[in-house]
Amino acid sequence: MTEYPTPQQSAARPTGGGARTAMPVAGHADAAPAALPDPRDGGRRASDPAAGASPDTPHGAPGRPPEAAVPGPATETGHARPAGGDEPVGRHRPAGPEEAHRDAAPGAAEHPSGDERAERERRGGDRLRFVGAATRRIARGVDLDETVLGLCRASVPAFADAILVYLRDPLPVGDERPTGPFVLRLRRTDRLPDYAAPAPADQDPSDTGEFPLPLLVGPPEGSVAGAPELIEVRGGGPLAEVLRGVRPVFGDSPTAREALPELLGPGRDAPAGRRAILAPLRGRRRVIGAAVFLRRPDRSAFESDDLLVAAQLATHTALGVDKAVLYGREAYIADELQRTMLPDELPQPTGVTLASRYLPAAETARVGGDWYDAIPLPGGRVALVVGDVMGHSMTSAAIMGQLRTTAQTLAGLDLPPQEVLHHLDEQAQRLGSDRMATCLYTVYDPVAHRIVVANAGHPPPVMLYRDGRAEVLRIPAGAPIGVGGVDFEAVELDAPAGATLLLYTDGLVESRHRDVWTGIEQLREKLADTAGLTRPDTAPPLEPLCDEVLDILGPGDRDDDIALLAARFDGIPPSDVAYWYLDPRAQTARQARRLARRALERWDLDELTDSVELLVSEVVTNAVRYAERPITLRLLRTDVLRCEVGDDVPQLPRLRQARATDEGGRGLYLVNRLARRWGATRLSTGKVVWFEIPFP
């Protein structure tokens with residue numbers, strides 16, 4: 001029958017990897033094994049009377065009188081022998097004086113004393129607790145810096161007095177094969193401050209009480225404090241051999257003595273003896289770095305079990321670095337995907353000023369289905385679009401990109417807003433049965449000062465007028481895109497000069513703490529309060545207005561990503577617009593030249609008369625040749641002079657190389673050479689050819 005250790009003894013033992021102790025025999029007095037030299041007592045035995053009684057030495061086993069703890073000879077099997085009584089069946093006879101003398105000799109180091117067993121168990125338990133806490137701290141890191149910082153903070157000063165962490169540069173990602181030489185970069189160092197080093201016995205403390213920490217003496221020549229160091233690992237060198245071995249090694253081992261100078265660089269010396277550990281960092285596929293643990297000369301040297309601790313720290317750190325690199329690559333892809341799905345910069349069409357904001361739902365959900373867009377249209381108009389695809393995944397972002405591209409294509413055809421939503425609904429159904437999205441499509445005409453709005457299940461926009469009044473526009477809600485089989489309705493509303501239209505996604509007004517209509521009302525009140533901070537009849541600046549709008553988000557309200565598009569309607573005054581209908585006749589080109597010359601005289605732009613007459617004549621001549629209905633001619637004076645000629649022919653003109661014998665085909669070359677920009681846009685009723693000429 002075996003006597004199990006007491007709860008106090010069990011708590012002191014490590015759960016794995018610790019030193020094993022001999023079990024006492026039940027029914028007999030506990031006998032301590034032969035005493036061993038104690039390094040803490042200067043080599044004297046615990047049983048030596050001259051050594052004195054140690055306060056940590058037990059006087060007897062738990063529950064036994066003191067006289068029952070008299071040391072006795074040990075058996076050859078390593079079990080404790082009772083102090084007296086009959087010999088158990090099947091065991092050897094009691095050892096004689098010679099055997100007792102032999103067991104008590106210094107050569108019996110494999111039988112530690114009770115104090116040493118307790119000390120080993122305590123150290124083993126401390127190591128297990130340290131490794132558990134350190135690995136948890138390292139595992140909490142998400143990015144690369146957090147993982148490396150977790151290793152440094154966990155190691156110093158609990159395990160080492162200083163640490164240097166080197167990582168491969170560049171770090172390989174996943175299954176990528178590194179190219180180029182094996183280069184290590186010093187990623188981070190951490191160490192105890194100099195004042196933490198105790199004063200040597202033969203040195204008096206300075207006036208400040210600080211003493212140097214002799215770990216790394218002198219930085220490399222030419223290095224800048226805080227600058228990263230690059231170490232190229234020579235193939236077949238000692239450092240490469242240690243890294244290839246994967247296992248941590250002491251600094252005094254033959255290979256480490258040559259590898260450390262190569263790693264630390266010239267002028268840096270590690271502490272002598274077993275006060276340095278070089279631990280390779282091996283990830284899933286390959287070695288990705290190295291860590292150097294250092295201890296001061298006044299601190300006890302590393303032990304053999306400390307190599308296991310260093311191996312655990314290195315393994316968890318390397319896996320954490322691999323995880324951080326993969327997470328960084330995923331975040332980079334998400335950022336690039338989101339960036340390419342949204343406009344790099346908003347256009348600045350005539351008669352309207354734009355501003356936008358986009359906020360992801362969280363740092364861990366960088367991509368989502370929210371988008372916004374501003375698309376210039378013929379006639380100085382602009383389409384304002386905001387939409388929201390369900391979800392916050394790569395799939396949602398990909399669907400959003402397809403819908404945004406479809407919306408841009410449909411806008412280029414100058415379709416009515418309700419027709420654009422109808423085609424978006426068909427496209428969403430082609431992408432899948434569960435592809436749902438909301439969208440708000442608005443077209444602003446700066447000449448007519450009107451907007452046409454169609455909605456597909458999206459929150460309604462808010463209009464902020466110049467007098468400070470904010471209004472939620474009443475438009476039909478419509479069904480979301482992807483439902484199929486529904487009609488969309490468009491409404492036309494006034495858009496006076498100085499008014500601001502705010503389009504947004506539901507992440508701005510809806511969260512787990514408030515419903516969507518409460519959020520819309522808070523948004524309306526916020527716009528009105530912000531407008532009250534400016535002078536009467538003065539519209540607030542757009543960029544600060546967007547920042548103020550985002551302030552309605554309270555803590556915990558970021559449940560969804562947010563897209564925000566603000567448009568300030570300036571419009572084009574009627575005095576800067578000239579518009580005519582012309583019949584498609586042979587004399588129409590001459591009539592168009594005369595009308596353009598009169599408009600330029602009225603605007604004091606006589607210097608542009610010759611160029612404008614020539615280009616108007618060429619474009620109108622092409623329109624008259626094929627048109628069957630009246631053509632339109634419009635001149636707009638904004639920051640440039642814009643001329644637009646519309647007809648009912650859908651074919652777009654294009655540049656072509658005219659032969660020497662051709663009588664035509666050279667008009668567009670003149671337009672291309674004299675105009676700053678020109679283009680042609682297909683409409684539902686035909687096309688518009690336009691060109692712009694800068695002011696002199």
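**A walk through the predicted model**

At 43% relative accessibility, Ile333 counts as partly exposed. This residue of the predicted model sits in helix α7, which covers residues 304-341. Together with Tyr332 and Met394, Ile333 makes a nonpolar surface patch of about 290 Å².

Now for the whole protein. The chain has 696 residues, and 45% of them count as buried. It is built with 14 helices and 21 strands. The accessible surface comes to about 35,900 Å², and carbon and sulfur atoms account for 51% of that. If we take the contacts between residues at least 6 apart in sequence, 68% of them join residues at least 24 apart.

On to the inside. The largest nonpolar core has 53 residues, and the ones with the most contacts inside it are Leu384, Leu421, Leu424, Ile451 and Phe569. Take Leu384: leaving out residues up to four places away in sequence, its partners include Leu354, Tyr441, Leu503, Ala567 and Phe569. Apart from this core lies another one, with 35 residues, among them Phe130, Phe250, Ile277 and Val321.

Aromatic rings come next. The model has five aromatic pairs. In one of them, Tyr444 and Phe569 have ring centres 4.1 Å apart and planes at 15°, so the two rings are stacked. Tyr444 belongs to strand β10 (residues 437-445) and Phe569 to strand β16 (residues 562-569), so this pair ties together parts of the chain that are 125 residues apart in sequence. Tyr444 is buried, with a relative accessible area of 0%. Phe569 counts as buried as well, at 0% relative accessibility. Another pair is made by Tyr579 and Tyr581, whose ring centres are 5.4 Å apart; their planes are at 80°, so this one is edge-to-face. Here Tyr579 is partly exposed, with a relative accessible area of 41%, while Tyr581 counts as exposed at 60%. Ring pairs also link Phe130, Phe159, Phe293 and Phe302 into a cluster.

Then there are the charges. Side chains of opposite charge can pair when their charged atoms come close. The count for this model is 33 salt bridges. One of them joins Glu303 to Arg127, with the closest N and O atoms 2.8 Å apart. Glu303 is in the loop between β6 (287-294) and α7, and Arg127 is in helix α3 (residues 114-139), so the bridge ties together parts that are 176 residues apart in sequence. Glu303 counts as partly exposed, at 31% relative accessibility, whereas Arg127 counts as buried at 17%.

A second example is the salt bridge between the side chains of Arg637 and Asp576, at 2.4 Å from N to O. This pair also links distant parts of the chain: Arg637 is in strand β18 (residues 631-637) and Asp576 in the loop between β16 and β17 (577-582), 61 residues apart. Arg637 is partly exposed, with a relative accessible area of 27%, and Asp576 is buried, with 12%.

For a third, look at Glu692 and Arg677, whose closest N and O atoms are 3.1 Å apart in their salt bridge. Glu692 lies in strand β21 (residues 686-693) and Arg677 in strand β20 (residues 677-683), so the parts tied together here are 15 residues apart in sequence. Glu692 is buried, with a relative accessible area of 6%, but Arg677 counts as partly exposed at 44%. Salt bridges can share partners too: in this way Glu119, Arg122, Arg123, Asp126, Arg127, Arg129, Glu303, Asp305 and Asp306 are joined into one network.

Asp494 lies in strand β14, which runs over residues 490-494, and is partly exposed, with a relative accessible area of 48%. Setting aside neighbours within four places in sequence, Asp494 is in contact with His449, Arg450 and Met463. The C-alpha atoms of Asp494 and Ala448 are separated by 8.8 Å, although these two residues are 46 residues apart along the chain. Thr609 is in helix α13 (residues 609-626) and counts as buried, at 11% relative accessibility. With neighbours within four places left aside, Thr609 is in contact with Arg597 and Leu600.

Key: Residues are numbered from 1 along each chain as its sequence is written. This is a predicted model: local features need pLDDT of at least 70, side-chain atom pairs count only at pLDDT 80 or more; totals for chains, interfaces and linings use all residues. Side-chain values use heavy atoms; hydrogens and water are left out. Helices (H or I, at least four residues) and strands (E, at least two) are DSSP runs, numbered from the N terminus. Buried means under 20% relative accessible area, exposed over 50%, partly exposed in between (1.4 Å probe, protein chains only). Contact means heavy atoms within 4.5 Å. Accessible areas come from the Shrake-Rupley method with a 1.4 Å probe; for residues, only the protein chains shown count as cover. Patches are made of residues with over 30% relative accessible area and no salt bridge: like charges are joined within 9 Å, nonpolar side chains (Val, Leu, Ile, Met, Phe, Trp, Tyr) within 5 Å. A salt bridge is a side-chain nitrogen of Lys or Arg within 4 Å of a carboxyl oxygen of Asp or Glu. A nonpolar core is a set of buried Ala, Val, Leu, Ile, Met, Phe, Trp, Tyr and Cys residues joined through side-chain atoms within 4.5 Å. Rings of Phe, Tyr and Trp (its six-membered ring) pair if their centres lie within 6.5 Å; planes under 30 degrees apart count as stacked, over 60 as edge-to-face and the rest as tilted.
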